[in-house]
Amino acid sequence: GNFVPVWNPYMPKGASPVKAPSSSSSSTAAAQQQQQQARGVPRQVVYLPSCVTRMMGPAGSDSETASVHEKLMSLFDKAGYEVILPKDLSSQCCGMLFNSRGLKDAAVAKGSALEAALLEASQGGKIPIVCDTSPCLSQIKAGISEPGLRFALYEPVEFIRHFLLDKLEFSKVRDTVAIHVPCSSKKMGIEDSFIKVAGLCAGEVVPTGIPCCGMAGDRGMRYTELTASSLQHLNLPAGCSDGYSTSRTCEMSLSNHSGINFRGLVYLVDEATQPKAQQAAAAAQ
């Protein structure tokens, strides 16, 4: 009855637990926060790890062992951000899982509970909010009723482009990388941000050219002909050994049909960045 997912070598391992932000952040972050307090301008961010990234870590076949939330926490720390997690994080959900199965009342209930938690954590939308999974962010944006949140919500690539480019030093750590912009990110108009941010970390950025990977949440895990059809023309350059996206389930599908590991773009950005020189100097004083 297609209720059991079909196993492949790129199925994820379990994610590591999300750790509460430490009160003793790195020396770089601590120095930045002291400077901000002196100026009266706090550098804060509300971080919402999605259900997917809280459950799914890297593929068992991947040499990478850290989970998505560990990489984003690292980036926030290098940029000197104080991280705020919404209350009752372990039970928070955007509602997409229920909505996609026709459980509309449950989806609305979960979405409303999450909206209340984000409103509180962000002080009514004053503090930017990052959700690490693009389809989940799209679901949140579609369901919110509070105007104050509409312009506070970001997926990771967009947040990096608008808030972190001037706070981090980038190096090109790959010759060629592939990127796949999820359907939800295309609808939100984030394709240019994907290319720009990836281009700061690699010599050549190759879009997959695939309109949709066919995963459709978890449906492609149960109906493998969907992803096989959608990705039948996927053809990456021979020298491309890494792929990046912002949807863990899409990355599973792309990995299985390309033979290379697709990960969140935050993995590449974290590897390619260091704190700005002036931040490091301030931390050393």
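**Close-up 1. Helices α10 and α14 meet through their side chains in this predicted model.** On the α10 side, the contact is made by F194, V197 and A198, and these meet L265, L268 and V269 of α14. Sorted by type, the residues of this contact come out as six nonpolar, no polar and no charged. The two helices pack at an angle of about 30°, and their axes lie 10 Å apart. For readers who like to note the hand, the crossing of α10 and α14 is left-handed.

**Close-up 2. Helix α14 is largely enclosed by the rest of the structure.** This helix covers residues 265-272. Seven of its eight residues are buried, which is why α14 counts as largely enclosed. The buried residues are L265, V266, Y267, L268, V269, D270 and A272.

**Close-up 3. Four parallel strands make up an open sheet.** Reading across the sheet, the order is β9-β8-β10-β11. At the edges are β9 (202-207) and β11 (261-264), each of which pairs on one side only. From one strand to the next, the twist averages 35°.

**Close-up 4. Strands β10 and β11 run side by side in parallel.** Here we zoom in on one pair from the sheet. Strand β10 spans residues 242-245 and is joined to β11 by four bridges. Within this pair, Y244 can be found opposite R263 of β11. Strands of a sheet pair through backbone hydrogen bonds, in either a parallel or an antiparallel way.

**Close-up 5. Both helices lie across strands of the sheet.** Helix α10, made of residues 191-199, lies across β8 (174-179), β9 and β10. Its direction is at about 155° to β9. Helix α14 lies across β8, β10 and β11, and runs at about 75° to β11.

**Close-up 6. S185 is a buried residue of helix α9.** Helix α9 takes in residues 183-187, with S185 among them. The relative accessible area of S185 is 0%, so this serine is buried. Leaving aside residues up to four places away in sequence, S185 touches S134, E155, I190, F194 and T246.

Methods
Residues numbered from 1 in each chain as written. Predicted model: local features only at pLDDT ≥ 70, side-chain atom pairs only at ≥ 80, totals over all residues. Heavy atoms only, no water. Pairing = 2+ DSSP bridges. Axes fitted to C-alpha atoms, helices over the stretch in contact; angles between N-to-C directions. Contact = heavy atoms within 4.5 Å. Buried < 20%, exposed > 50% of the residue type's maximum accessible area, 1.4 Å probe, protein only. Left-handed = near helix turned anticlockwise from the far one by under 90°. Nonpolar A, V, L, I, M, F, W, Y, C, P; charged D, E, K, R; others polar.
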